[in-house]
Amino acid sequence: MAKLSKEEVKHVAHLARLAITDEEAEKFADQLGKITVFAEQLNELDTTNVEPTSHVLSIVNVMREDVAVKGLDRDVMMLNVKEQENGQVKVPPILED
Amino acid sequence: MTLFERSARELQEGLHNGEYTIADLTNEAFSRIEKLDGDVQAFLALDKEKALQRAEELETIPTGERGPLFGLPIGVKDNIVTEGLETTCASKILKGFIPIYDATVVKKLRDAGMVTIGKLNMDEFAMGSSNENSAYKTTRNPWNLDYVPGGSSGASAASVAAGEVPFSLGSDTGGSIRQPAAYCGVVGMKPTYGRVSRFGLVAYASSLDQVGPITRTVYDNALLLEAIAGVDPNDSTSANVPVPNYVANLNGDIKGLRVAVPKEFLAEGVSEEVRQSIKSALDVLKGLGATVEEVSLPHSKYALAAYYILASSEASSNLSRFDGIRYGFRAEGVKNLMELYKETRAKGFGEEVKLRIMLGTYSLSAGTYDAYYKKAQQVRTLIKEDYDKVFENYDVIVGPTAPTAAFKINQNTHDQLTMYANDILTIPINLAGVPAISIPCGFHEGLPLGLQIIGKHFDEETIYRTAYAYEQATDFHKQTPQIWEGK
């Protein structure tokens, strides 16, 4: 994989919901380029028919009795919310006019 | 002199004999911190009032109901949530965040009668190997203040090494307990994946993260792991495997123990002094009746690349929750929701965190997913199989914890790949999910070196038995940094 272009970096930053400047895009292009070149050594290994490991334990599904338990109080859950109104989380406009 | 040069057992004796009270021990921690933390810079938040109040409450509990860690002070890494006590993961994005519940491990400390003293600095979101990635301060190595304590649980190791607290909790995703334990000359255990609940540990890479104990001795470490281990209904990846009494078999006897030494762990890149210290350690183990043989873990050299792809991918997903809406920092003066997300995250996260989020997002993107993420997961399988194979014939794998002793502050900050290389000997263990400990095994120019002992899944018992036998046969753990006595 070749070095990332500035445009590609900006696209990734958008996917990651990170505001970046032109300067930062250049820096990230350089840093990510180095790391991805480093990561390409993995291609030395033939992994045909090798199962990917996402998790080392053999636990698959963990079930429990479907019994309702009391959660945290709403007031407590709102304690760290910066902007709120009538017990609800407030955010800036989602749609622009 | 401090009471904290005593072991847990000795501290209990003193409490029992009335030599001091639990409040005295609690105050000792705060006075040590007051004296030393200006230099060490380990604590981000202290909980003095509540800790002293709790010490009084604990005093009323009868001796018969007290366990081996009862009344003893402990520091907690700042990525473990503590109800009512600010938890920031050393990030600006969580500045002012007051958790509304305790992590399971914190509950378990309380059940054991321990007193939480405060929160310990770290690399932001546990991403780093030196504590230089903290948004607040750089913790320093108590053995030499110009050097890093390691990371990311650098302050967890430094606070114990400096005798500010006798115990701490850290977390380990790619070496974050063991590498700082090695750099600071203390004992740090990364348990088997699933051994300890992750509920309330702020996630970095969920398939690799584990909470673990940092102490000055192996015996105390075993006590603390036993206190925090076990299945938890709030963490479906915690394993339903019985927790043994780890200290029951600490008798110094390792006759017939089969020790494997991977040749890759003593290869190029590992410094001569580290190699020598490991050779001496192997002689000690042989002298105690263990058999030592060289083995190969052929995929070791690919672990670093696989790790950075997998850990960053998981991080990019886990850290999406920090959006400025429900907790922590929130950017101001924005026009719409998308801008709020982007500005909050751009201003709230530090450089290294952003880089890993970018790397992870890129690795998981359409078009690169198979080449990076899936490939890394397949390589992870090969690494795990290396370990499975060796453990068919051996009880433990032994090698260095880190390729060198601690490095100077600012020495490695210019280049990510050089910094990442510090973790080359610890990362494969997380990928394989097996447990491993770092214990002191020597010094180089006044800085400690660490011996890493790796075990089979859920066999922390054999690791502790080996580590204890080695520790009893040597005296590296008895040494303390000059700062210990104060200036």
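Buried means under 20% relative accessible area, a cut-off that applies to several residues in the close-up views below. The structure shown is a predicted model.

**View 1. Two cysteines of chain B that are in no disulfide.** A disulfide is a covalent bond between the sulfur atoms of two cysteines. A search of the whole structure finds zero disulfides over all chains. For Cys184(B), the nearest cysteine sulfur belongs to Cys441(B) and is 14 Å away. Cys441(B) is likewise in no disulfide, its nearest cysteine sulfur being that of Cys184(B). Cys184(B) counts as buried because its relative accessibility is 1%, under the 20% cut-off. Cys441(B) is also buried, at 3% relative accessibility.

View 2. Helix α5(B) spans residues 154-161, and eight of its eight residues are buried, so the helix is largely enclosed by the rest of the structure. The buried residues include Gly154(B), Ser156(B), Ser159(B) and Val160(B). Alanines are also among them: Ala155(B), Ala157(B), Ala158(B) and Ala161(B). Just after the helix, Gly163(B) takes a positive phi of about 70°.

**View 3. A salt bridge between chains A and B.** Side chains of opposite charge can pair when their charged atoms come close. Glu351(B) and Lys27(A) form a salt bridge in which the closest N and O atoms are 3.0 Å apart. The pair crosses between chains: Glu351(B) belongs to helix α11 (residues 351-364) of chain B, and Lys27(A) to helix α2 (residues 22-39) of chain A. Both partners are partly exposed, with relative accessibility of 42% for Glu351(B) and 40% for Lys27(A). Over all chains, the structure holds 23 salt bridges.

**View 4. A salt bridge linking distant parts of chain B.** The side chains of Asp395(B) and Arg258(B) meet in a salt bridge, with an N to O distance of 3.0 Å. The two residues are 137 residues apart in the chain. Asp395(B) is in the loop between α12 (370-391) and β9 (396-400), whereas Arg258(B) is in strand β7 (residues 258-262). Asp395(B) is buried, with a relative accessible area of 17%, while Arg258(B) is partly exposed at 32%.

View 5. Asp323(B) pairs with Arg326(B) in a salt bridge whose closest N and O atoms are 3.6 Å apart. Asp323(B) is buried, with a relative accessible area of 13%, and Arg326(B) is partly exposed, at 36% relative accessibility. In chain A, salt bridges that share partners join Lys6(A), Lys10(A), Asp22(A) and Glu26(A) into one network.

**View 6. A patch of negative charge on the surface of chain B.** Glu5(B), Glu10(B), Glu13(B) and Glu485(B) gather in this patch. Of these residues, Glu10(B) is found in helix α1 (residues 8-16). Glu10(B) is partly exposed, with a relative accessible area of 38%.

**View 7. A nonpolar patch on the surface of chain A.** Val89(A), Val91(A), Ile94(A) and Leu95(A) form the patch, and together they have about 390 Å² of accessible area. Val91(A) lies in the segment after β2 (88-89) of chain A. With 34% relative accessibility, Val91(A) counts as partly exposed.

Methods:
Residues are numbered from 1 along each chain as its sequence is written. Chains are lettered from A and ligands numbered from 1 in the order in which they are written. This is a predicted model: local features need pLDDT of at least 70, side-chain atom pairs count only at pLDDT 80 or more; totals for chains, interfaces and linings use all residues. Side-chain values use heavy atoms; hydrogens and water are left out. Patches are made of residues with over 30% relative accessible area and no salt bridge: like charges are joined within 9 Å, nonpolar side chains (Val, Leu, Ile, Met, Phe, Trp, Tyr) within 5 Å. Accessible areas come from the Shrake-Rupley method with a 1.4 Å probe; for residues, only the protein chains shown count as cover. A salt bridge is a side-chain nitrogen of Lys or Arg within 4 Å of a carboxyl oxygen of Asp or Glu. Lys and Arg count as positive and Asp and Glu as negative; His and the chain ends are not counted. The place of a charge is taken as NZ of Lys, CZ of Arg, CG of Asp or CD of Glu. Helices (H or I, at least four residues) and strands (E, at least two) are DSSP runs, numbered from the N terminus. Buried means under 20% relative accessible area, exposed over 50%, partly exposed in between (1.4 Å probe, protein chains only). A disulfide is a pair of cysteine sulfur atoms within 2.5 Å.
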